Amino acid sequence: MFIDRAIVEVRSGKGGDGMIAFLHEKYMPKGGPSGGNGGRGASIIFRANKAINTLYNFRHSKVFIGQDGGKGLTKNKYGRGADDLIVDVPLGTVIYNEKDHSFIADLSTDGQTVVVAKGGRGGRGNAAFKSDRNRVPKIAENGLPGETKRLILELKLLADAGLVGLPNAGKSTLLSVVSNANPEIADYPFTTIEPNLGVVHVNKYDTFVMADLPGLIEGAHLGKGLGLAFLRHLERCRVIVHLVSMESHDPVNDFNVIQNELKSYGLGLDKRPLIVVASKIDALEDDSVIKKFENEIGHKVYQISSLTHKGIDELINKINETLSNTAQFALELNKEDEKMKVYDAHKLDKKIFEIKRVGEHEFQIVGESVERTYSLINLSTDEGIMRLINYLRRIGVEEALKENGAQSGDTVSLCDFEFEYFD
């Protein structure tokens, strides 16, 4: 089964917690702090694999979970770092963040990798906090949590030439004639319900990949028929081969319908090199219909019959010649993704935290920076708690609480840590 879109969840591993330990050996009763650092959590890595050609294995919402890093050990031993989790995807997979549909990666070459969720780093053990002012530190850091994301995977086929046209225009038959592909062929519309790829051998040295896309209908760019699901595969095609059946009662209208759909879909598909093909010419008594069709659409028309193989060689040579003079098209991303982001350090400092009133006498400290620092602090010792309090005081939490109307005895929370405010 051909699946070209899937949504998955990835969770990278948490970093291991640092250790609080002291060295006590026979001849070193006061050997000092010896707690080691925690190990790094596993990252989730997506890798392009040419041996895979569909997202079938992702057809159900899957969750990929990386292992946590090992905790730090005594005698300054590091915790074990977790092995990264590598997930293989087909060539041509484009990855987006589901939350805001921001672009993450385009895996278009074999072996190409991208880290989609970075593992948390391990926390420092108490040996790392030893200094001239604190010879016996009783503090350590927790490992940073991993990342959790929901990702959209879209497969956009890596084809050089894409066959388009209304249902029953002869696309699948042409592909079966010029390549070793075996698409389903029948005399009813929508025979092709999934894209098919075939390698076309032009001569001893030249080859190209041709894609047969399911028949489009009017309104395909809005989701009608099978069009919207497969129009994305044209985004990588360097040449579009438009087949129009000469058995049609109005071939000009058939041509205009498809061209309008390509234009409405966007991404410049209507501006790609176009080769117009009149198919099924064996059904015609003379070529007057083709000449009229060619004059009305204003394009040179290549005539073929997949039944008698007439005109096939000329068409293949034309496609190959056009491909040799056409560079690859880069995927067009959202304009927002292309904008350069400018960071203002002064503004960032102001947004270390925010104070929210969640009740008459309850306040909450929120903010990515303050929550990240909190997650690092080990609160199992008095020194750890004092370290947190000093940090909150240093970044101005007390003043902010006062400005927000906090009174003595009010409850203040930061993540899962609560304390009473005293003015």
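## Burial and the overall chain

A residue counts as buried when its relative accessible area is under 20%, as exposed when that value is over 50%, and as partly exposed in between. By this rule F103, with a relative accessible area of 28%, is partly exposed. The structure discussed here is a predicted model.

The protein chain has 423 residues, and 45% of them count as buried. Ten helices and 18 strands are found in the protein chain. Its accessible surface is about 23100 Å², and carbon and sulfur atoms account for 48% of that surface. Among contacts between residues at least 6 apart in sequence, 70% join residues at least 24 apart.

In soluble globular proteins, nonpolar side chains tend to be buried together. The largest nonpolar core in this model has 22 residues, and the members touching the most other members are L174, F208, M210, V241, L315, I316 and I319. At least two residues of this core come from each of β9 (161–164), α1 (171–178), β11 (207–212), β12 (239–245), β13 (274–279) and α5 (312–324). Helix α5 gives the largest share, five residues.

M210 shows what such a position looks like. Leaving out residues up to four places away in sequence, M210 touches A161, L163, L175, V178, N196, L197, G198, V200, I316 and I319.

## Aromatic rings

The structure holds six aromatic pairs. In one of them, the ring centres of F58 and F64 are 6.0 Å apart and the planes meet at 55 degrees, so the pair is tilted. Both residues are buried: F58 has a relative accessible area of 5%, and F64 has one of 15%. Ring pairs also bring in F46, so that F46, F58 and F64 are linked into a cluster.

Y96 and F103 make an edge-to-face pair, with 6.1 Å between the centres and 70 degrees between the planes. Y96 is buried, at 8% relative accessibility, whereas F103 is partly exposed at 28%. A ring can also have a charged residue over its face: K300 lies over the face of Y302, at 4.9 Å from the ring centre.

Strands β5 (residues 93–97) and β6 (residues 103–107) run antiparallel and are joined by four bridges. V94 stands opposite D106 in β6. In a regular strand the side chains alternate between the two faces of the sheet.

Five residues lie between the two strands of this hairpin, and H101 has a positive phi near 55 degrees.

## Positive phi in two loops

Which residue in the loop between β9 and α1 is of interest here? The residue is N168. Its phi is near 65 degrees, a positive value in a residue other than glycine. N168 is partly exposed, because its relative accessible area is 29%.

C415 lies in the loop between β17 (411–414) and β18 (417–420). Phi of C415 is near 55 degrees, again a positive value in a residue other than glycine. With a relative accessible area of 42%, C415 is partly exposed.

How values were computed:
Residues numbered from 1 in each chain as written. Predicted model: local features only at pLDDT ≥ 70, side-chain atom pairs only at ≥ 80, totals over all residues. Heavy atoms only, no water. Core = buried A, V, L, I, M, F, W, Y, C linked by side-chain atoms within 4.5 Å. Buried < 20%, exposed > 50% of the residue type's maximum accessible area, 1.4 Å probe, protein only. Contact = heavy atoms within 4.5 Å. Phe/Tyr/Trp six-rings, centres within 6.5 Å; stacked < 30°, edge-to-face > 60°. Lys NZ or Arg CZ within 6 Å of the ring centre and 35° of its normal. Pairing = 2+ DSSP bridges. Areas by Shrake-Rupley, 256 points an atom, 1.4 Å probe, with all protein chains shown as cover.
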